[in-house]
Amino acid sequence: KTNLKAGSETSCITCLAEHQSLAVGTKTGYRLFSVTTVDRLECIHESAESPDVYIVERLFSSSLVVVVSQAMPRRMNVYHFKKGTEICNYSYSNTILAVRLNRQRLIVCLEESVYIHNIKDMKLLKTLLNTPPNPSGLCALSINHSNSYLAYPGSATIGEIIIYDANNLNTVTMIPAHDSPLAAITFNASGTKLASASERGTVIRVFSIPEGLRLFEFRRGMKRYVNISSLSFSPDAQFLCASSNTETVHIFKLEQHGPSGEEETPTWSAYMGKMFTAASSYLPAQVSGMMSQDRAFATVRLHTAGQKNVCTLATIQKLPRLLVASSNGQLFIYNIDPQDGGECTLVQTHRLFGSDEDRDEAGVSAAPQSYAATAATVPTSGPVSATLTGYSEDGGVSKGEVIPEHEFAAGPVCLDDETEFPPVSIQNR
């Protein structure tokens, strides 16, 4: 899940790859979309009650949605959009910069404090005061409720990441991720990996959670610094995509190169790789680190540069796709070749504004040969899909239905629309 702020028409875009859903905040309210097929973008809910919505977060495929508007930037409203009712609202001491939620916790991030709520009854469990200045509200929450890890900047001057256990309410570790301040952080679906990028935007790193060990380093480019606005793992955590203010989206493959993965027939590139590996032990750490970094596995060249984009990797119609939502109100869907990578193929463009008919008339850029090639390379064993324990595709993404009980961990969490909502007796806090 990732957020996007700014743009002429959109105020924010949130993508939930695990449930193929999209939430868009606009000057006139917000919209919730379902992206279960490539050819159709279905608007499942639209609200014009709150103008200038700059935060909209939906709890997976449930009917619970959290909204913050420019008119009241210190107040968080929690709605049951299927019933059209407000569950509760909370007001805070300063502007709300970000909201994150999973089936256990709801996180509200201000510039110098973080509030942790129990999502069952919206009770405030913990307030983290005097956190380092975080003017962009950068934070990430694991969607896996059994290990609700929260990540936020540990410094305003260098790229330190605090990992906090939102279930047990204690700090787990601090990761010294980058030399310059953080620009983007995200967890994988199971909460076992964390990716980060700094304001320089040249190096993306992946760490193990909760240990904080560095697992991967990817170099996005060395020619120029860029503003990375979005990082997202694929549901199976085999790929990581990154978008910025440039025209290129990078997709990296998370694979370990070791003795078992070496090529059987020696090649010139393999020979040179071994030479570099051997030489790196005699070089300064900074230089040897650059040699070991991997380049992008696949790329997308967008039609325009300078737009802020949200990117996410999802499995749609059993094939791996890259979704790129732009601040100008367009959604681009690309095919990814999971075996060979390379340049991704644009297969569909959708508009996030206008009527259903207008959106259906959005142009299609299909390439049947590339599509067939992509389909042919999808692994038959272990496809790219959200196969997390305790999670399932329930169809609620398109209907706003209740979350089935089997999707919850054993315990008090029970978001049953009819009996639990609204769970808060006091409407205003």
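**Aromatic pairs, strands and salt bridges**

Let me start with the rings: there are five aromatic pairs in this structure, counting rings of Phe, Tyr and Trp (its six-membered ring) whose centres lie within 6.5 Å. Planes under 30 degrees apart count as stacked, over 60 as edge-to-face, and the rest as tilted.

Before going on, the ground rules. The model is predicted, so local features need pLDDT of at least 70 and side-chain atom pairs count only at pLDDT 80 or more, while totals for chains, interfaces and linings use all residues. Residues are numbered from 1 along each chain as its sequence is written, and side-chain values use heavy atoms, with hydrogens and water left out.

Back to the rings. A pair is described by the distance of the centres and the angle of the planes. Take Tyr90 and Tyr92: the ring centres are 6.5 Å apart and the planes stand at 25 degrees, so this pair is stacked. Both tyrosines are buried, where buried means under 20% relative accessible area, exposed means over 50%, and partly exposed is in between (1.4 Å probe, protein chains only). Tyr90 and Tyr92 also belong to one aromatic cluster together with Tyr115.

Phe239 and Phe297 make a tilted pair, with 5.6 Å from centre to centre and 45 degrees between the planes. These two residues are 58 apart in the chain and link distant parts of it: Phe239 is in strand E22 (residues 239-244), and Phe297 is in the loop between helix H2 (285-291) and strand E24 (298-301). For these labels, helices (H or I, at least four residues) and strands (E, at least two) are DSSP runs, numbered from the N terminus. Phe239 has a relative accessible area of 7%, so it is buried. Phe297 is at 17%, so it also counts as buried.

Next, the strands. E1, E2, E3 and E4 form an open sheet in that order, with antiparallel pairing; two strands pair if DSSP finds at least two bridges between them. Strands E1 (10-16) and E4 (42-47) are at the edges with a single partner strand each, so one side of each has no neighbour in the sheet.

E3 (residues 29-34) and E4 are paired antiparallel over five bridges. Which residue of E4 is the bridge partner of Arg31? The partner is Glu46. The side chains of Glu46 and Arg31 also meet in a salt bridge, 3.0 Å from N to O, where a salt bridge is a side-chain nitrogen of Lys or Arg within 4 Å of a carboxyl oxygen of Asp or Glu. Glu46 is in E4 and Arg31 in E3, so the pair ties together parts 15 residues apart in sequence. Arg31 counts as buried because its relative accessibility is 13%, whereas Glu46, at 48%, counts as partly exposed.

The structure holds five salt bridges. Another of them joins the side chains of Glu57 and Arg100 at 3.5 Å, N to O. This pair links distant parts of the chain, with Glu57 in strand E5 (residues 53-58) and Arg100 in strand E9 (residues 98-101), 43 residues apart. Glu57 is at 0% relative accessibility and therefore counts as buried; Arg100, at 11%, counts as buried too.

Arg301 and Glu247 meet in a salt bridge of 3.3 Å, N to O. They too link distant parts of the chain, 54 residues apart: Arg301 is in E24, and Glu247 is in the loop between E22 and strand E23 (248-253). Salt bridges with shared partners join Arg205, Arg214 and Glu217 into one network. Glu217 lies in strand E20 (residues 214-219), and its relative accessible area is 11%, so it is buried.

One hairpin. Strands E15 (residues 159-165) and E16 (residues 170-178) run antiparallel and are joined by seven bridges. Tyr164 stands opposite Thr171 in E16. Four residues separate the two strands of the hairpin, and Leu169 in the turn has a positive phi of about 60 degrees.

Last, some backbone geometry. Most residues other than glycine have a negative phi, and most peptide bonds are trans. Asn130 has a positive phi, near 55 degrees; its place is the loop between strand E12 (124-129) and strand E13 (140-141). Is Asn130 buried or exposed? Its relative accessibility is 72%, so it counts as exposed. Ala237 has a positive phi near 65 degrees, but counts as buried because its relative accessibility is 8%. Ile209 and Pro210 are joined by a cis peptide bond, with omega about 10 degrees. Pro210 sits in the loop between strand E19 (203-208) and E20.
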